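I wanted notes on the pockets and the salt bridges of this model. The entries follow in the order I looked things up.

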Amino acid sequence: IFYKGELVSVICFRRKNEKYVLTRFCNLLNLIVIGSFSKLLKFFITKNTNCNEVITYSDNRYSSGDLYLNNDFIKTRVNDVSYYYTKDFKELKHRSNFNMIKMSKDQNFIYDKNLTDHENIISNGYTRVYGCKIDTWKYTK
């Protein structure tokens, strides 16, 4: 959504098999655009006639998912607690950044094949930080 030539609200999707995944929704920093989510969602579904289902996620650190609940999404799953790694407690890195292949190929990472992935991560100065649960939501046309 544009206002006076400036982008103020955006929604992003990606296709996954026969479904669409809502990957991002945001408004311009410090701006509330009332109704923008529902308008953008409706526009997307109207223009994509083959879109019968949208999946998305809410991270309970930031949201209870009321935005989805108020727009006819149904909570289909409460996922396990996620975790991240950090060296400085300012930047969190998702656990998917630390798998055996990525760590063993990273020249800045000291990788010991005799240690578990977690032990390798810890030995490189990272700390595991647990997050909150992530909910899965589904919208059906």
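Entry 1, second largest pocket. I looked up the second largest pocket and found about 180 Å³ of space in it. For the record, a pocket is an open set of points on a 1 Å grid over the protein atoms alone, where a 1.4 Å probe fits, with protein on both sides within 12 Å along at least five of seven lines; lining residues have an atom within 4 Å of a point. Grid points are joined across faces, edges and corners, and a volume is the space filled by probe spheres set on the points. E4 and helix H1 (36-47) each give two or more residues to this lining, and E4 gives the most, with three. Helices (H or I, at least four residues) and strands (E, at least two) are DSSP runs, numbered from the N terminus. The lining includes Phe25, Leu31 and Phe37, and it divides into eight nonpolar, three polar and no charged residues.

I noted that the model is predicted: local features need pLDDT of at least 70, side-chain atom pairs count only at pLDDT 80 or more, and totals for chains, interfaces and linings use all residues. Residues are numbered from 1 along each chain as its sequence is written, and side-chain values use heavy atoms, with hydrogens and water left out.

I read about 720 Å³ for the largest pocket. Its lining has 26 residues, and Arg24, Tyr57, Ser58, Asp59 and Ile134 lie nearest the centre. Strand E4 (19-27) gives the largest share of this lining, six residues.

Entry 4, salt bridges. I found four salt bridges, each a side-chain nitrogen of Lys or Arg within 4 Å of a carboxyl oxygen of Asp or Glu. Lys138 and Glu53 meet at 3.9 Å, N to O. Lys138 lies in strand E10 and Glu53 in strand E5, so this pair ties together parts 85 residues apart in sequence. Asp135 pairs with Lys75 at 3.4 Å between the closest N and O atoms. Asp135 is in E10 and Lys75 in strand E6 (residues 74-78), so parts 60 residues apart in sequence are tied together. Asp135 is buried at 3% relative accessible area, while Lys75 is partly exposed at 40%; buried means under 20%, exposed over 50%, partly exposed in between (1.4 Å probe, protein chains only). Arg61 and Asp59 meet at 2.9 Å, N to O. I also noted that shared partners join Lys19, Glu53 and Lys138 into one network.

Terms used
Nonpolar A, V, L, I, M, F, W, Y, C, P; charged D, E, K, R; others polar.
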